[in-house]
Amino acid sequence: MATGLGVLYLFAARVGGASSVYRTFTLIDPPKHVLLWVASLLGWLLVPAIIGGFAGHIIAQRISSVKAISTNSMFRRRPLSRRLRPPGLIDDLGPYFHGTYARQEFVDSWVRVVHRNDWTMAQDHWEVYVRDLMSTQQYAHLDRHECLRQAQNAGRIVLRFTGRTGDCIVCDRRR
């Protein structure tokens with residue numbers, strides 16, 4: 001299907017221009033040539049199908065992650081104090097420098113070794129890693145405070161280990 005659309009796009013672009021084909025395919029402009037009529041018809045049929053398929057995939061992913069949560073934990077009633085408390089913030093790495101030995105070791109490997117004393121980049125990559133870790137399925141059944149606490153604890157363990165090798169997961173993914 002993609003090959004057929006590509007060939008149609010190339011031939012129609014020769015006739016009416018690339019922007020004309022795009023605008024006709026997305027049903028912005030009316031078609032003015034036979035090939036543009038074909039592109040318009042395919043756009044009329046395929047654009048809603050592609051958008052619907054994408055939306056269906058997203059909805060199916062969300063439903064499958066909800067089904068993985070047990071009903072005992074899903075419908076557990078939280079006390080009022082936990083419901084009214086605002087969500088926590090991801091820890092700032094600055095106070096870790098004077099914290100416990102484990103936190104000092106984490107900051108030493110994560111900031112000094114991996115990011116070569118660039119505190120801003122280390123903080124940014126720490127927040128990206130914790131945010132992405134909180135979005136995984138194993139933390140879906142936790143409330144927002146417990147999720148943040150466990151994600152930060154797991155993040156410190158994993159990033160301290162990878163920090164000893166001098167690798168940053170976020171830096172590697174951004175390349």
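## Helix α7 and its neighbours

The buried residues of α7 pack against α6, α8 and α9. A few terms before going on: buried means under 20% relative accessible area, exposed means over 50%, and partly exposed is in between, using a 1.4 Å probe and protein chains only. Helices are DSSP runs of H or I with at least four residues, strands are E runs of at least two, and both are numbered from the N terminus. This is a predicted model, where local features need pLDDT of at least 70 and side-chain atom pairs count only at pLDDT 80 or more, while totals for chains, interfaces and linings use all residues. Residues are numbered from 1 along each chain as its sequence is written, and side-chain values use heavy atoms, with hydrogens and water left out.

So who is tucked away in α7? The buried set is Ala122, Gln123, His125, Trp126, Val128, Tyr129, Val130 and Leu133. As for geometry, α7 has 16 residues and runs 22 Å from its first C-alpha to its last, close to the 22 Å expected at 1.5 Å a residue. That expected span is 1.5 Å times one less than the number of residues.

## The main core

The largest nonpolar core has 22 residues, and the ones with the most contacts inside it are Leu93, Phe106, Trp110 and Trp126. A nonpolar core here is a set of buried Ala, Val, Leu, Ile, Met, Phe, Trp, Tyr and Cys residues joined through side-chain atoms within 4.5 Å. Two or more residues each come from α6 (101-114), α7 (119-134), α8 (144-164) and α9 (169-174). The top contributor is α7, with 6 residues.

Skipping residues up to four places away in sequence, Trp110 touches Leu93, His115, Ala122, His125, Trp126, Leu159 and Cys168. Contact means heavy atoms within 4.5 Å.

In α6, the buried residues are Phe106, Val107, Ser109, Trp110, Val111 and Val114. The buried residues of α6 pack against α7 and α8. The 14 residues of α6 should span 20 Å at 1.5 Å a residue, and the end C-alpha atoms are 18 Å apart, which agrees.

After α6 comes Arg116, with a positive phi near 50 degrees. Arg116 is not a glycine, despite that positive phi. It sits in the loop between α6 and α7 and counts as exposed, at 68% relative accessibility. Asn117 is in the loop between α6 and α7 too, and Asn117 has a positive phi of about 65 degrees although it is not a glycine either.

## Salt bridges

Side chains of opposite charge can pair when their charged atoms come close. The rule used here asks for a side-chain nitrogen of Lys or Arg within 4 Å of a carboxyl oxygen of Asp or Glu. By that rule, the count is 7 salt bridges. One of them joins the side chains of Arg156 and Asp91, at 3.9 Å from N to O. That pair links distant parts of the chain, with Arg156 in helix α8 and Asp91 in the loop between α5 (80-84) and α6, 65 residues apart. Arg156 is buried, at 13% relative accessible area, whereas Asp91 is partly exposed, at 22%.

Glu105 and Arg164 form another salt bridge, and their closest N and O atoms are 2.2 Å apart. This pair also links distant parts of the chain: Glu105 is in helix α6 and Arg164 in helix α8, 59 residues apart. Glu105 counts as partly exposed at 22% relative accessibility, and Arg164 as exposed at 57%. Then there is Asp132 with Arg131, whose side chains meet at 3.0 Å, N to O. Asp132 is partly exposed at 41% relative accessibility, and so is Arg131 at 47%.

## Thr162 in α8

Thr162 is in helix α8 and counts as buried, at 16% relative accessibility. Leaving aside neighbours within four places in sequence, Thr162 is in contact with Asp167 and Ile169.

## A greasy patch outside

On the surface, Leu27, Leu41, Trp44 and Leu45 form a nonpolar patch with about 440 Å² of accessible area together. Patches are made of residues with over 30% relative accessible area and no salt bridge; like charges are joined within 9 Å, and nonpolar side chains (Val, Leu, Ile, Met, Phe, Trp, Tyr) within 5 Å. The areas come from the Shrake-Rupley method with a 1.4 Å probe, and for residues only the protein chains shown count as cover. Leu27 is in the loop between α2 (18-25) and α3 (34-67), and Leu27 is partly exposed, with a relative accessible area of 43%.
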